[in-house]
Amino acid sequence: MGTGRMHNHSTVSTFILWGFSSFPDLQRLLFVVIFFSHVTILAANVSIMLAIKLSHSLHTPMYFFLFGLSLSETCTTMVIIPRVLVDLLSESKTISLPECATQMFFFFTLAGNNCFILAAMSYDRYTAIHSPLYYPILMTHKVCFLLMMASCIVGILISVSFTTIVFSLSYCDSNIVQHFFCDIAPVVHLACDYTSYHEIAIFVLSAFVLLGSFVLIMVSYVFIITVIMKMPSTEGRYKAFSTYSSHFTVVSIHYGFACFGYLKHKGSDTFREDMLMAVTYTMLTPLLNPVVYTLRNKEMRTALRKVLANGNRFFLQVANKRDQNI
């Protein structure tokens, strides 16, 4: 990831993640809020994954991709939030350059993966409505697996490119990162040799991930809407729109925040604004995804009720056995 080259011409060996240090009186409150947000995100996404895994009726391509998205979102929060929680309770908020590079690599791998999973989900929905008779042939387990693997590989390649660009630069002056994790803009602005060429390269890569996957999604939705509008039944159109509204809501939230955070011009005077925006796509979006899919999906609600009922039954049996042993 370029960290070996980095030490040859950098005098800075550690960064300080300044992040929420601008709010010294709110450290404990922020810890409590972020901790419970993290627990809620984990519980919500794990519940969705369990519901999909344990409910045979949900073993379809759409829920396969939803399982992948929930897993990826869970891993994304695990890359960022535990470190934030530790820093909120610690006086020292330092992170070494290799640790910073590792965090950046995994975050952007998972972020890119999320984007292309959403694109795969939109293709799946387009295939389901455009070619319902051929859908089982077109969206086989092998095709779904290959689409998921392609999303992951593209995420890795993009992240390697980002991390190589950022950590091949020289860091020889300030080491205070105005953020709560190693995001690209606040790190590269500390480099001594950061130029417009680096800025253009980072922008092009960001645009490829965000706009490239977004265009694929929008093309699918244009075809989907075209097919829906040709339906003779008003009730049929309503059911079709309600089926795809969950995915469209998640796409709108995800790309709205991400595009604002990564495609606009960055300056040192916008870092606080960017940090607050980062809170939304690292903590709010992973929480909204399961909420949206659960509230707007009857099959998922039914599966979750079964999982919760089975979980309660299991714990009651364990408790009864323990009482009998006593």
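## Spans listed in the record

Helices here are DSSP runs of H or I with at least four residues, and strands are runs of E with at least two. With that in hand, take residues 64-85 of this predicted model: the chain there is 100% helix and 0% strand, and its end C-alpha atoms sit 31 Å apart.

That stretch is one of those an unreviewed UniProt entry gives as "transmembrane region". Another of them, residues 144-171, comes out at 86% helix and 0% strand, with 43 Å between the end C-alpha atoms.

## How confident is the model?

Mean pLDDT for the protein is 84, and 91% of the residues get to 70 or more. Going element by element, helix H6 (residues 141-167) has the highest mean, at 95. The lowest belongs to helix H1 (residues 3-6), with a mean of 44.

What about the start of the chain? Over residues 1-8, pLDDT stays under 50. For this stretch the model has 16 contacts beyond four places in sequence.

## H4 against H6

Helix H4 (residues 97-130) pairs up with H6: their axes come within 7 Å and cross at roughly 145°. The crossing is right-handed. Sorted by class, the contact of H4 with H6 has 20 nonpolar residues and seven polar ones, with no charged residues.

## The disulfides

Taking a disulfide as two cysteine sulfur atoms within 2.5 Å, the count comes to two. One of these is between Cys-100 and Cys-182, whose sulfur atoms are 2.0 Å apart. The angle about the S-S bond is -130°, and the link is left-handed.

So what does this bond tie together? Cys-100 is in helix H4, while Cys-182 is in the loop between strand S3 (176-177) and helix H7 (184-188), so the pair joins parts that are 82 residues apart in sequence.

Conventions
Residues numbered from 1 in each chain as written. Predicted model: local features only at pLDDT ≥ 70, side-chain atom pairs only at ≥ 80, totals over all residues. Heavy atoms only, no water. pLDDT = per-residue confidence, 0-100. Contact = heavy atoms within 4.5 Å. Axes fitted to C-alpha atoms, helices over the stretch in contact; angles between N-to-C directions. Left-handed = near helix turned anticlockwise from the far one by under 90°. Nonpolar A, V, L, I, M, F, W, Y, C, P; charged D, E, K, R; others polar. UniProt positions renumbered as here; feature names shortened; annotations may be inferred.
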